[in-house]
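I opened this entry to record what I looked up, item by item. The notes follow the order in which I went through the model.

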Amino acid sequence: MISIIIFAVLLLVGFGFFAMNANKIRANILMGRDVDRSDNKGERLKVMTLIALGQKKMFKRPIPAILHLCLYVAFVITQIELIEIIADGLSGEHRLFRSSLGGFYTFMISFIEVLSVLAFVATFLFLARRNLLKIPRFNMKEMKGWPKVDGNLILVMELILITFIFMMNGADEVLYAQGLSHAENLGDQSLGFAISQYVGPALFGGMSESSLIMVERIGWWGHILMVFTFLNYLPFSKHFHIILAFPNTYFSNLNPQGKATNMEAVMKEVKLMMDPDADPYAMPEEGEGEAEVQRFGAKDVEDLSWKNLLDAYTCTECGRCTSNCPANRTGKLLSPRKIMMDTRDRLEEKGAGLRKNGKDYDDGKSLLNDYITEEELWACTSCNACVEACPVNIDPLSIITDMRRYLVMEESKVPTELAGMISNIENNGAPWQFSPEDRLNWRDEE
Amino acid sequence: MSNLMKVPTMAEMTANGEVPEILFWVGCSGSFDDRAKKITKAIVKILNKCEVKFAVLGAEESCTGDPAKRAGNEFVFQMQAMQNIEVLDAYEIKKIVTGCPHCFNTMKNEYPELGGNYEVIHHTQLIQSLIEEGKLKVEGGDTFKGKKITFHDPCYLGRGNNVYEAPREMLRKLDAELVEMKNCKAKGLCCGAGGAQMFKEAEKGDKEVNVLRTEEAMEVKPNIIATGCPFCNTMMTDGVKNKDQEGNIQVIDVAELIASAADL
């Protein structure tokens, strides 16, 4: 009875704490400007199914894709066993579904076990790859410190989770064979689990009954405790992508990647300038000018769209964007991954500050300058390689573009040569100093 | 040869009461850059050969605003765009072909929200369809026999708008071997000119992007790097020079390759 109460409390605290932190992230994301992604629901579902569920873009690099797939499928399927663990925990029963599901139960657990072994191997290789192989994208500047620890912690937690599963099932196999398991005896000699019917006797064969029960309970409680630890670790980690990958791909930009957003605020002013009948001194119409004036482009996180902010929380720092970035590959400061990490870190900082000190709080910092420098922004060639490379459709380029817009239109901070190029366009309709009258000269030249 | 080119302007055509099938948007590079002008002429020769009824805007054409928009100056972009839309709409233009993927992307994707709605295609798409319709015969001759050609995808044509096959289909018509770089199509590496980089020095780094891309091209040992963008052409030509490969590798636009294979 006590264990049921402990379990129920654990369950409530575990889910409750997660819900609280997930909600903070939701509130942070909603600080962003509005952008309409409510259209084309069918197309969006298709994109989500292919990219998030089907991992399509992962397979541009087959080896990590297969390893990642092992982890991903094992993780998803193990949730079925978690249902039973929760049911057992709340009812005080042991292997509640076994007698009613029979052979299917044995098949399910066996399936989970095989996947868990694959996941164990994959996790091990991932750890080795991260720490022993000198893969450049895992060892860049922005990966020093917490991001590196974060990546390793997740993998270690996964190893522990899987170890607990095999302690639980392995010890139970030995107990069952001796007729001592709490699982209902169905008249057979073994629980019949694909891996643990062999691993169990091999590891725990000579143990006493009390030791076996202890190992089984440590496995069971250890597993569920790790599950809740893991769940509650997610909102503080890059690993939140396992959940956010789904909404993030659903709300993907469905336009051609080459299309940059249109600025409607600018459109109004330009139309006014070009309208010969417009009266520049006219009184604003009723209701106009009452809305808060937004700055052009983005200086801080709240100037970005909520999709940009969702992108930032979805990023799992794999670095495929950066390893495909022409600027980064030629030694420039720009790293699209760092743009996403900076956006998330600044959003966390700003969100926490606002919650603590009220909605008018200003900490005097901003995404621009305190996190992202002008040098990074001006190194971008807008080639969309980062957008194309991202396995979960994150768009670093739109953040870069919006921050350039702020620099140019609000602060007139533009590299000298670009200022010259822009004034050429204004004066002669070409980025170079040529007269528009000479546009057709090529026709008569040899 | 240029005497044989027929390049009517919209103003001239309208004065004669004629309506073109398609507007050829030359672009700033194609109008003013000496190397790019040759690409422009190759496109014109193909259009003339196939008797496509086209016109150019000439002095009435102006920058689409792309470099201003990528540089963050939305005001100048929209001013340019709206002025161009006024001109295009005054001539009741429906269909546009251009040799510049930046003009192509901007007019196709970014003009509609400002009120400019046209069917915009890239010159590789037009030429490919002319070949497919049998209007343009590419015999290949011996010009490219035994040559290795690699195609450098322009970002705003490939990743930007998913046009990967039209230029390759054209190149397969030549009597040459089409070889792909390790990073091609959706994985293609930028030439370094996009996002207004063409008009400024690069940020501090350890290499220029065009040099890196040239090195990638050199790995497949091509005789020709084919391009579909005047800016890529400039960048790759500079890259080849930087690597002292002018004697071994030529940088040529797909339109020029086709024009030369068709003996134009």
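I took helices (H or I, at least four residues) and strands (E, at least two) as DSSP runs, numbered from the N terminus. The model is predicted, so I kept its limits in view: local features need pLDDT of at least 70, side-chain atom pairs count only at pLDDT 80 or more, and totals for chains, interfaces and linings use all residues. Residues are numbered from 1 along each chain as its sequence is written, and chains are lettered from A and ligands numbered from 1 in the order in which they are written.

**Chain A, single residues**

I looked up Ala27(A) and found it in helix α1 (residues 2-29) of chain A. For burial I counted other C-beta atoms, placed from the backbone, within 10 Å: 20 or more is buried, 12 or fewer exposed, and in between partly exposed. Ala27(A) counts as exposed because it has 12 C-beta neighbours inside 10 Å. Its C-alpha lies 45 Å from that of Ile213(A), at a sequence separation of 186 residues.

I then checked two residues other than glycine with positive phi. Arg95(A) has phi near 50° and sits in the loop between α3 (62-91) and α4 (98-101) of chain A. Arg95(A) is buried, with 21 other C-beta atoms within 10 Å. Asn384(A) has phi near 70° and is in the loop between α16 and α17 of chain A. Asn384(A) is buried too, with 24 other C-beta atoms within 10 Å.

**Helix α6(A)**

Just after α6(A), Gly179(A) has a positive phi of about 75°.

**Domains of chain B**

I counted a contact where C-beta atoms, placed from the backbone, lie within 7 Å. Domain 1 of chain B puts 28 residues into the contact and domain 2 of chain B puts in 26. On the domain 1 side, α3(B) gives the largest share, eight residues.

**Cores**

I defined a nonpolar core as a set of buried Ala, Val, Leu, Ile, Met, Phe, Trp, Tyr and Cys residues joined through C-beta atoms within 7 Å. The largest one has 140 residues, and those with the most contacts inside it include Met403(A), Phe24(B) and Ile46(B). Helix α18 (residues 396-410) of chain A gives the largest share of this core, eight residues. Both domains of chain B give residues to this core, so it lies between them. Leaving aside neighbours within four places in sequence, Ile46(B) touches residues including Ile127(B), Leu136(B) and Ala255(B). A second, separate core has 34 residues, among them Phe164(A) and Phe204(A).

**Chain A against chain B**

Which numbers of residues are in contact between chain A and chain B? I found 55 residues of chain A in contact with 58 residues of chain B. On the chain A side, α19(A) gives the most, with six residues.

Key. Domains from an automatic or database assignment. Contact = placed C-beta atoms within 7 Å.
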